[in-house]
Amino acid sequence: MPAADIHWQKSRRLTFILLLFWGLVTFGLTWFSRSINEVIILGFPLGFYMAAQGALVIYLLIIWWYNRQMKKLDIEYGVEDD
Amino acid sequence: MFASLSRLQRYYLYYTGTFLAFIGALAVLEQHGMPPRWIGYAFLFFTISMYALIGIVCRTSDVSEYYVAGRRVPAFFNGMATGADWMSAASFIGLAGTLYLSGFQGLAYVIGWTGGFVLVALLLAPYLRRFGQYTIPDFLGARYGGNAIRLVAVGAVILASFVYVVAQIYGVGVITSRFVSLQFEIGVFVGLAGILVCSFLGGMRAVTWTQVAQYLILIVAYITPVAILSYNQTGNPVPQLVYGRVLQQVSLLEDDLFQRPAELEVRQLFHERADLYAQKIMQLPQSLNFERENLAKQINQLKASDAQMKDIVALERQYRDLPRDPEQARARWEEAMFLAVERSKPPIHHAEAFPGETVEEQDIMRINFLALIFCLTIGTAALPHVLTRYYTTPTVRQARESVFWSLLFILLLYITAPAYAVFAKFEVLTHLAEIPIAKLPGWVAAWAKLGLVSIEDINADGILQLAELSLNPDVIVLATPEIAGMPYVVSGLVAAGGLAAALSTADGLLLTITTSLSHDVYYRIFRPEASTHFRLVISKSMLLVVAILAATVAAQKPGTILSMVSWAFSIAGSAFFPALVLGIFWEKATRAGALAGMVVGVLLSIYYIIRVEFDSIPLLGISGFNMEPWFHIQSTSSGLFGVVAGFCTIIVVSLMTKPDPRAASFLKTIRYRNGTES
């Protein structure tokens with residue numbers, strides 16, 4: 001298989017997994033906000049905390065991880081563009 | 001350490017230092033008796049002239065500079081500019097207010113508006129950058145081919161951006177009319193002048209560097225009052241860490257206040273009023289005649305007796321203000337009824353997720369919550385003025401990194417907003433509820449004059465019950481410094497920040513609209529041979545026309561900022577997201593499919609907004625088409641249907657049509673390309 005196709009296959013798989021994780025946090029966890037609100041951390045009900053801060057930090061980490069992996073992949077296949 | 005900074009970083013460090021010194025100077029001057037009004041003027045003048053200065057320094061007549069800032073914006077600064085571009089008057093002014101009013105329910109905006117950047121990072125930004133043209137219609141045109149798709153895309157760009165820009169200019173009007181006491185309509189046009197200096201002279205290049213400057217102002221302005229509040233209430237100036245404890249106190253206060261007899265009585269009175277209006281509406285037109293006769297009789301009685309003249313005048317005014325005909329009466333009374341119903345409802349606890357009396361009601365809340373998140377994420381990932389920002393970085397890698405920086409800078413504000421709401425609520429619950437109306441602080445009257453705060457002592461006990469106070473969501477952020485009794489310089493700072501948020505987004509939007517008109521329509525479709533100089537002339541004159549049009553619409557005060565913005569998201573999401581994502585990730589997507597999907601998505605989305613939200617369009621003379629929402633979904637989430645329908649249509653139509661052979665090579669260049677690019 002040509003390098004371009006493998007590169008694409010790998011980056012597509014990474015994208016898909018991270019997207020799935022994103023969906024679980026955004027929609028899956030939020031669906032249960034009412035029940036997890038019973039748990040209190042730092043004075044916050046957990047459901048409230050996740051929606052107000054937790055999910056946001058997870059989003060940032062997802063993007064950070066994606067950038068890191070893509071950079072590696074690009075170097076591996078020689079498509080680093082700077 | 002200082003020497004290791006780049007030239008740009010040093011410039012913005014100086015700039016930030018100057019701004020902080022300016023605030024400090026004003027604070028000192030206030031101590032020495034500088035009147036608040038002057039402080040307002042000083043902020044307005046200082047910030048707008050800063051933006052104008054940057055605009056003039058960065059003026060350009062080079063096409064690539066004008067459209068994509070010469071693709072020389074480093075990831076870090078592009079992130080900051082995107083943050084300002086992205087955070088509009090709705091984020092700055094409206095978000096904390098919405099969180100204040102609806103508690104947990106408002107967090108849908110926080111999740112949706114940040115979660116969308118994951119989609120931008122993973123699905124769009126790197127591919128758009130590798131493609132490397134000027135606009136989103138450019139991309140769709142290149143991927144699918146043909147002018148039809150370009151035209152449809154331009155239409156959607158204009159529609160979504162225009163609704164959005166009107167909301168921004170409206171925000172400018174609210175701020176200027178409160179803080180420098182300009183008339184609302186005049187304030188709108190003053191703000192407009194600020195916007196134009198910048199985008200008119202230097203296009204994307206000037207807008208980018210102004211946006212970085214605006215981001216710095218808006219974030220300082222947003223965090224300062226909350227940090228002060230936080231320090232006063234908890235002794236810790238980092239609000240994000242400690243507002244959990246304040247939230248617990250708010251819950252305790254709520255438990256106590258919501259159940260007080262006076263509160264229950266007030267809610268009962270509003271309930272009765274709502275019933276009264278419902279009855280009057282049912283008995284139209286007799287009820288209107290009856291009211292008219294009744295008033296006439298009272299006036300005659302008063303005139304016959306030796307009553308005071310001012311009582312008679314008041315009654316006569318009431319008589320004149322009665323609805324003219326049954327139709328007007330219905331509209332007015334319905335509005336009054338809904339208002340009363342709203343105030344008669346038991347208030348919700350701030351942290352409660354999906355509140356409702358029954359399980360069914362809770363489920364409706366839950367579905368709407370998730371639907372709104374869905375629309376906001378998709379909309380975020382499809383707003384043309386944000387996506388074009390990722391054309392401006394030097395490389396693909398920097399485009400990816402710049403999404404990270406964008407989200408980080410945006411997070412700073414979005415993590416603060418819920419804290420803002422909780423602290424403001426604590427202030428109101430402790431210092432405003434259950435105190436004599438005669439002793440209310442001055443800011444209440446000031447904002448009531450603008451119609452954004454209203455108080456009605458329905459049980460006539462001279463004390464303000466919580467249910468008697470109604471706050472417009474747009475007030476919370478702008479009024480919090482006054483509510484908490486901070487010096488006026490903080491209010492001025494907040495106003496400057498709100499102005500920066502509104503102006504930066506308006507700049508980005510106006511530029512996107514006019515670029516679409518001049519580049520995609522005029523240059524690509526009508527006159528490909530047009531000289532670059534002439535293209536910019538067209539672009540600049542379009543800018544003027546569109547800006548004045550938007551300001552004219554905004555001066556009509558068409559709706560709350562947040563609902564206008566949500567509609568824009570739904571429209572943009574259903575137009576662009578399916579066509580862009582399938583265009584990048586699915587080889588078999590065809591021109592016919594994309595075209596059909598975009599049209600179906602946008603039309604369905606608009607259709608849903610109109611049929612759920614409105615009952616008549618007087619302009620077209622049609623009425624009575626109001627419908628029950630599908631699955632109880634509100635009109636602000638109409639994009640849910642538009643996006644799903646868009647995806648389905650593209651897939652079905654694409655499978656029925658023959659794919660374009662050129663698509664494969666195009667996809668190869670945007671997914672993977674060896675070596676550097678031009």
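Reply: Val79(A) sits in the segment that follows α3 (46-76) of chain A; helices here are DSSP runs of H or I with at least four residues, numbered from the N terminus. With a relative accessible area of 2%, Val79(A) is buried (buried is under 20% relative accessible area, exposed over 50%, partly exposed in between, with a 1.4 Å probe and protein chains only). Between Val79(A) and Trp64(A) there are 15 residues in sequence and 19 Å in space, C-alpha to C-alpha.

The model is predicted, so local features need pLDDT of at least 70 and side-chain atom pairs count only at pLDDT 80 or more, whereas totals for chains, interfaces and linings use all residues. Residues are numbered from 1 along each chain as its sequence is written, chains are lettered from A and ligands numbered from 1 in the order in which they are written, and side-chain values use heavy atoms, with hydrogens and water left out.

Turning to the interface, chain A contributes 44 residues to the contact and chain B contributes 59, contact meaning heavy atoms within 4.5 Å. The two chains bury about 4700 Å² between them, and 69% of that lies on carbon and sulfur atoms; buried area is the accessible area (1.4 Å probe) lost when two parts are put together, summed over both. On the side of chain B, the residues that lose the most area to chain A are Leu122(B), Arg400(B) and Tyr672(B), together 16% of what that side buries.

The rule finds two salt bridges across this interface (a side-chain nitrogen of Lys or Arg within 4 Å of a carboxyl oxygen of Asp or Glu). Six helices of chain B, namely α6 (107-131), α10 (239-258), α15 (359-380), α17 (396-431), α22 (561-585) and α25 (662-671), each supply at least two residues of the side that touches chain A. The most comes from α6(B), with 14 residues. By class, that side of chain B holds 34 nonpolar, 13 polar and 12 charged residues; Ala, Val, Leu, Ile, Met, Phe, Trp, Tyr, Cys and Pro count as nonpolar, Asp, Glu, Lys and Arg as charged, and the others, Gly among them, as polar.

Arg366(B), in helix α15 of chain B, touches Trp31(A), Phe32(A) and Phe354(B), residues up to four places away in sequence not being counted. Arg366(B) counts as buried at 12% relative accessibility. Its contact Phe354(B) lies in the loop between α14 (326-344) and α15 of chain B and is buried at 0% relative accessible area. The phi of Phe354(B) is near 50°, a positive value in a residue other than glycine. Glu434(B), in the loop between α17 and α18 (442-449) of chain B, also has a positive phi, about 65°, although it is not a glycine.

Over all chains, the rule counts 19 salt bridges. One pair crosses between chains, from Arg34(A) in helix α2 (residues 33-36) of chain A to Glu352(B) in the loop between α14 and α15 of chain B, at 3.3 Å, N to O. Arg34(A) is partly exposed at 26% relative accessibility, and Glu352(B) is partly exposed with a relative accessible area of 26%.

Within chain B, Glu65(B) pairs with Arg205(B) in a salt bridge whose closest N and O atoms are 3.8 Å apart. This pair links distant parts of the chain, Glu65(B) being in helix α3 and Arg205(B) in helix α9, 140 residues apart. Glu65(B) is buried at 12% relative accessibility, whereas Arg205(B) is partly exposed at 24%.
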